Amino acid sequence: IPSVSSIVPESCLLIVVGLLVGGLIKGVGEKPPILKSDIFFLFLLPPIILDAGYFLPLRPFTENLGTILIFAVVGTLWNAFFLGGLMYAVCQLGGPGLNHIGLLANLLFGSIISAVDPVAVLAVFEEIHINELLHILVFGESLLNDAVTVVLYHLFEEFASFEQVTILDIILGFLSFFVVSLGGVLVGVIYGVIAAFTSRFTSHIRVIEPLFVFLYSYMAYLSAELFHLSGIMALIAAGVVMRPYVEANISHKSHTTIKYFLKMWSSVSETLIFIFLGVSTVAGHHYWNWTFVISTLFFCLIARVLGVLVLTWFINKFRIVKLTPKDQFIIAYGGLRGAIAFSLGYLLDYKHFGMRDMFLTAIITVIFFTVFVQGMTIRPLVDLLAVKKKQETKRSINEEIHTQFLDHLLTGIEDICGHYGHHHWKDKLNRFNKKYVKKCLIAGERSKEPQLIAFYHKMEMKQAIELVESGGIGKIPSAVSTVSIQNINPQTLPLERAIPALSKDKEEEIRKILRTNLQKTRQRLRSYNRHTLVADPYEEAWNQMLLRRQKARQLEQKMNNYLTVPAHRLDSPTMSRARIGSDPLAYEPKEDSENLPIITIDPASPQSPESVDLMSEEPKGCSGLPPSPEEDEEGLVMRVKEPSSPGTDDVFTPGTSDSPSSQRMMRCLSDPGPRPEPEEGEPFIPKGQ
């Protein structure tokens with residue numbers, strides 16, 4: 001029924017089926033089966049985790065590993081202690097039914113219920129097709145928080161049997177986290193290498209190749225669980241390590257078998273887990289306490305939201321691609337709980353934890369709320385907030401080339417800067433892998449095959465299979481590669497250019513130059529620091545020249561201020577006529593001003609100039625040339641000031657207006673002379689100005 005499954009997630013429908021089946025079994029008088037923890041942890045959980053680890057998108061996972069680890073470790077610890085402490089306070093204030101529950105029991109309950117469940121996250125997030133960044137952040141957190149959950153669970157369970165908990169016990173408990181997580185990863189890496197090495201020798205018996213992948217992965221999980229290490233981290237490490245080498249060794253049929261068998265196995269396990277959750281809800285013993293259950297649900301949501309907001313604020317200080325408020329909401333809202341919490345609660349011993357039934361009831365309530373309410377509403381919320389969806393695109397050779405080119409470029413930039421970033425270490429790991437590991441774990445010529453060629457072969461095989469399945473193989477000659485169909489009629493290749501041969505001495509000399517200059521970049525170049533930079537010998541000369549130029553400009557400015565007084569702003573012709581009409585004697589020239597130019601303005605003439613530029617006026621006789629008869633009649637000549645050519649320096653290049661005669665003329669025209677004190681009754685423009 002597509003209309004139902006588009007609204008309700010598959011996990012919710014399976015729980016409903018489980019509830020119906022459990023009710024039916026109970027209705028006919030039989031005892032419904034309960035999801036036992038051994039069955040869950042030994043048989044149902046490993047296929048789901050192996051499928052997730054084997055097909056883990058490694059590039060986005062490693063690029064966001066820091067963020068994932070902070071959410072998984074710090075976030076889970078915060079949830080566990082915040083929830084445990086608040087639930088202890090609720091138990092102390094909640095009346096006689098809850099007073100007997102101690103701090104350790106509440107902290108244990110907090111550690112069980114705080115971890116995000118990978119099965120529930122996978123079931124919901126794969127249906128809503130969220131973008132790759134958010135998916136890997138939430139799913140990566142749900143995978144890696146297993147170590148924290150295992151440590152806290154076993155720690156508080158052990159502490160419950162102690163008469164007194166000392167400081168040493170707490171320190172050992174803290175150290176056990178590193179042992180559990182890193183020990184699980186180490187076990188997974190060892191089994192992954194063994195699986196890759198075994199697959200090197202299976203070329204003559206292809207049938208059992210998939211078996212080794214499943215066998216060694218399951219052995220890694222069991223070995224880790226045997227020593228109370230993190231089995232989930234062991235499975236992920238084994239899957240990630242073995243995949244590139246195993247796929248290079250095994251046949252294509254074996255690869256298809258592994259892929260579809262893992263998908264089928266994990267799908268069956270997921271279905272059984274959710275159905276068993278529904279059946280166990282009907283079959284189990286429950287003890288309902290309103291105060292405890294509602295407080296648990298409320299504090300779970302509060303702890304998740306606060307943890308995500310605070311941690312994201314801290315993480316965004318170091319991330320290049322920041323997590324937006326929408327992303328934070330989806331991360332907080334996607335913290336689903338599932339069957340791992342139920343199974344851990346079911347494992348509790350009645351002898352030390354008499355309130356186990358109440359804990360299980362609260363855990364089932366939280367699981368149902370997160371899976372049903374959050375799982376059903378996350379899809380419409382993603383659409384409402386317009387969160388970026390996953391783009392289904394096929395990888396191409398072009399994309400692969402550009403990705404590798406950018407990786408090399410960033411590694412080179414880090415090398416030049418002397419910065420040991422993650423590109424540097426990734427490049428070191430790739431070199432070590434190519435030089436030593438591939439030769440040991442990959443058989444034949446495939447170990448020396450470049451990455452691009454291997455990717456091309458993979459694409460070619462994939463495209464050939466798609467072509468066969470679509471029925472288009474009959475139209476193409478069998479000898480032609482399906483990736484290179486466009487090159488059926490190859491053109492004649494141009495003649496190869498003759499490369500001049502170098503003598504041995506010349507070649508050795510070039511090698512020596514390159515070796516001395518390129519080999520020791522690490523020793524010569526340090527990290528960039530403005531305090532340790534070598535001084536530039538030309539820098540002082542440039543500074544001196546700039547200072548001299550600045551002083552020259554300031555001196556010229558001061559001289560202009562001493563020698564010139566700013567000219568009055570000229571009025572419009574109408575205002576000028578009005579003022580002259582009011583007092584014609586105000587514009588009479590002085591007796592000793594025969595040499596000064598006279599501007600004659602006819603008040604009645606409408607053709608008077610709108611404005612006069614005093615800077616570009618030169619009277620007759622001031623330019624050093626004898627006055628012409630035409631100039632004699634005109635009285636005043638207007639000349640346009642030529643713009644300075646680009647690139648000339650206005651400090652050191654003298655202009656036309658800098659000559660002594662023009663400066664004298666400027667002073668003549670702009671200096672109004674001594675100004676008398678204005679008296680009452682005088683005209684608006686004083687006489688003599």
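**Figure 1. Contacts across the whole predicted model.** Among the contacts in the protein with a separation of 6 or more, 81% join residues 24 or more positions apart. This is a predicted model, and the protein in it has 26 helices and 2 strands. Of its 689 residues, 36% are buried. The protein exposes about 43,300 Å², and carbon and sulfur atoms supply 63% of that area.

**Figure 2. Two helices that pack together, α5 and α14.** Here you can follow helix α5, residues 65–93, as it packs with helix α14, residues 290–315. Their axes are 9 Å apart and the angle is about 145°. The crossing of α5 and α14 is right-handed. Which kinds of residue make up the contact of α5 with α14? The contact divides into 20 nonpolar residues, 8 polar ones and 1 charged one.

**Figure 3. The largest nonpolar core and Phe292.** Look for Phe40, Leu45, Phe125 and Phe292, the residues with the most contacts inside the largest nonpolar core, which has 120 residues. Helix α17, residues 356–385, gives this core its largest share, 12 residues. Apart from this core lies another one, of 5 residues, including Ala196, Tyr245, Ala248 and Ile442. Now find phenylalanine 292 again: leaving aside its neighbours within four places in sequence, its contacts are Met87, Cys91, Leu98, Asn106, Phe109, Met358, Phe359 and Ala362.

Figure 4. Serine 267 lies in helix α13, which covers residues 252–283. Is serine 267 buried or partly exposed? Serine 267 counts as partly exposed because its relative accessibility is 37%, and that value falls between the 20% and 50% cut-offs. Proline 47 is 220 residues away from serine 267 along the chain, yet their C-alpha atoms are separated by 8.7 Å.

**Figure 5. Histidine 129 and its positive phi.** Most residues other than glycine have a negative phi. Histidine 129 has a positive value, with phi near 55°. You will find histidine 129 in the loop between α7 (118–128) and α8 (132–144). Its relative accessibility is 44%, so histidine 129 counts as partly exposed.

Figure 6. Alanine 386 sits in the loop between α17 and α18 (397–417). Although alanine 386 is not a glycine, its phi is positive, at about 55°. Why does alanine 386 count as exposed? Its relative accessible area is 57%, and exposed means over 50%.

Notes
Residues are numbered from 1 along each chain as its sequence is written. This is a predicted model: local features need pLDDT of at least 70, side-chain atom pairs count only at pLDDT 80 or more; totals for chains, interfaces and linings use all residues. Side-chain values use heavy atoms; hydrogens and water are left out. Helices (H or I, at least four residues) and strands (E, at least two) are DSSP runs, numbered from the N terminus. Buried means under 20% relative accessible area, exposed over 50%, partly exposed in between (1.4 Å probe, protein chains only). Contact means heavy atoms within 4.5 Å. Accessible areas come from the Shrake-Rupley method with a 1.4 Å probe; for residues, only the protein chains shown count as cover. Axes are lines fitted to C-alpha atoms, for helices over the stretch in contact, and angles run from 0 to 180 degrees between N-to-C directions. A crossing is left-handed if the near helix is turned anticlockwise from the far one by less than a right angle, and right-handed if clockwise. Ala, Val, Leu, Ile, Met, Phe, Trp, Tyr, Cys and Pro count as nonpolar, Asp, Glu, Lys and Arg as charged, and the others, Gly among them, as polar. A nonpolar core is a set of buried Ala, Val, Leu, Ile, Met, Phe, Trp, Tyr and Cys residues joined through side-chain atoms within 4.5 Å.
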